[in-house]
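Hi,

Here is the structure I promised to pass on.

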Amino acid sequence: MTDANSNQYSAAEQGLGYIYQPRFALLSLLRLPESTSILIEKDDDLDFVDECGVKTLGSLKHKAVGDRLTDLSNDFWKSVRIWLARYNRDGRSQSNLRFFLFTTGAVSKTSFLRRFLDGPPPHEGGTISLSQLVADALAKTESKLINAIAKDFQALTDDEKEDFLSRITIFDGSPRIEDVPLIIKDQRMRSIRREFRDAIFERLEGWWNDIIVNLLTGKRTEPVYGYEVSDTLSAFAEQYKLT
């Protein structure tokens, strides 16, 4: 039998990407303030809204080990296409949008995309503007996909280009799908006795997956709030307390 990891036609990573969305969403809500709400597959992979009404569109990329994000990576530019459409729809510079790209891969050390990293290295990119770096990168491509996105970007004014790009943050080295349960148990379940954590996590994720199914099928239309996850986790933990 052919090893799926070595098969160039394997859809394993794509399949993992679909499962990654709900698991990463659960981790995110446990990390963010309880007033944060989330929707899945609405304007992007994940939509976060904080208590001030600021919406963050999150694109998730679960990549093969060792994958690198470069200047002309489709992963980045496909996300830009989605974000540009929402930016135009919501009034461009008047919008309350932010754009996050979460990738399990790493941004190449030679890519201008390092300027978008959360806490980029000091002096990265010098004094060249982001819009100029984008223009330089786009000038090198022959991709029809990226050229179509470039036309939408060029339709913005100079100020709008800088405004749009300033809203983008890349979080590379994001947790892989198999690492998320351990992170939740180690970092978010410390008040729970260790011998109960596996069972409680399984119940929490089962409850969460039901929520996700209801969101995707339209049975639930309102977003999920962080306090719902906290309350459910606390309720499960109470059931495992020693008497």
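**Sheet and helix packing**

Strands β3 (residues 55-61) and β5 (residues 97-103) run parallel and are joined by 7 bridges. Within that pair, Lys61 has Thr103 of β5 as its bridge partner. Strands here are DSSP E runs of at least two residues, helices are H or I runs of at least four, both numbered from the N terminus, and two strands pair if DSSP finds at least two bridges between them.

Before going on: this is a predicted model, with local features needing pLDDT of at least 70 and side-chain atom pairs pLDDT 80 or more, while totals for chains, interfaces and linings use all residues. Residues are numbered from 1 along each chain as its sequence is written, and side-chain values use heavy atoms, leaving out hydrogens and water.

The open sheet has 6 strands in the order β7-β5-β3-β2-β1-β8, with mixed pairing. Its edge strands, β7 (168-171) and β8 (224-225), each pair on one side only.

Now the helices. The axes of α3 (residues 130-138) and α5 (residues 158-166) come within 9 Å and cross at roughly 90° (axes are lines fitted to C-alpha atoms, for helices over the stretch in contact, with angles from 0 to 180 degrees between N-to-C directions). That makes α3 roughly perpendicular to α5 (65 to 115 degrees; under 35 is roughly parallel, over 145 roughly antiparallel, the rest oblique). Leu130, Ser131 and Val134 of α3 meet Lys161, Glu162 and Leu165 of α5 (contact means heavy atoms within 4.5 Å).

Cheers
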